[in-house]
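Me: I am new to this structure and would like to go through it step by step. Could you show it first?

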Amino acid sequence: MVEDRWFLLDDDDDDDDEPDEVQAAFINALRERAASWSLAVNDVEVLLPDYIAYGYDLQPGETSFGKLLIYADLPAPGFNLSLLTVGAYLDGSTIYGDKLHNQLFTLPAEHTPLAFTGSGSPEELAMITGDWFETIWRRPVVRHEWLRSGQIYADRFLFADTGQGLSEGRVHTVALGAPDHIVHVRGESTL
């Protein structure tokens, strides 16, 4: 059974917020795909563009990046912390996704290792996007901890499979040497 609470759009009685045929086909196919996700319903949001580009006013020459944005924050369970914001922009028959700015939802100037692109029908793009989100959610995340006087002095969250940093505390850990503890936080454990 498809979870019909996935990807609800704000209902503010504005007819401009109604999805068009491409957007609706993508959302419906993604709902089907999301039934097997390890994400929670409220971990992922879908936005439709309007005269404001996903939270900020368009500047001269800017576009709203596409017909639809699906984005999610990667949470760190038990830490009340978002480690990473990722998202994908649907633009007709293409989709492209990557790490996003966590407030403006803009793509980075240069692609990160998380970037992907795809082309096809809305249904095919929904499957590609669903696979991409699921892959990110399965990736192992660990927390490196450095101790001083038995207390956590510094910490850093990273993908365990690549070492890509996600979040770091107030103290920069580069000069601290090897961590005192490595704790599995989420995803498939590699410890």
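Reply: What follows covers a helix, the nonpolar cores and a pair of strands. This is a predicted model: local features need pLDDT of at least 70, side-chain atom pairs count only at pLDDT 80 or more, and totals for chains, interfaces and linings use all residues. Residues are numbered from 1 along each chain as its sequence is written, and side-chain values use heavy atoms, with hydrogens and water left out.

Me: Which residues of helix 1 are buried?
Reply: In helix 1 (residues 21-34), the buried residues are Q23, A25, F26, I27, A29, L30, R31, R33 and A34. Buried means under 20% relative accessible area, with a 1.4 Å probe and protein chains only. Helices are DSSP runs of H or I with at least four residues, strands are runs of E with at least two, and both are numbered from the N terminus.

Me: And what covers them?
Reply: The cover includes strand 1 (44-47), strand 4 (68-76), strand 5 (81-91), strand 6 and helix 2 (122-138).

Me: Which residues have the most contacts inside the largest nonpolar core?
Reply: They are F26 and I70, in a core of 33 residues. Helix 2 gives the largest share of this core, 6 residues. A nonpolar core is a set of buried Ala, Val, Leu, Ile, Met, Phe, Trp, Tyr and Cys residues joined through side-chain atoms within 4.5 Å.

Me: Changing topic, in which sense do strands 6 and 7 pair?
Reply: Strand 6 (residues 94-99) and strand 7 pair in the antiparallel sense over 4 bridges; pairing requires at least two DSSP bridges. G118 in strand 7 is the bridge partner of I95.

Notes: The expected span of a helix is 1.5 Å times one less than its number of residues. Buried means under 20% relative accessible area, exposed over 50%, partly exposed in between (1.4 Å probe, protein chains only). Contact means heavy atoms within 4.5 Å.
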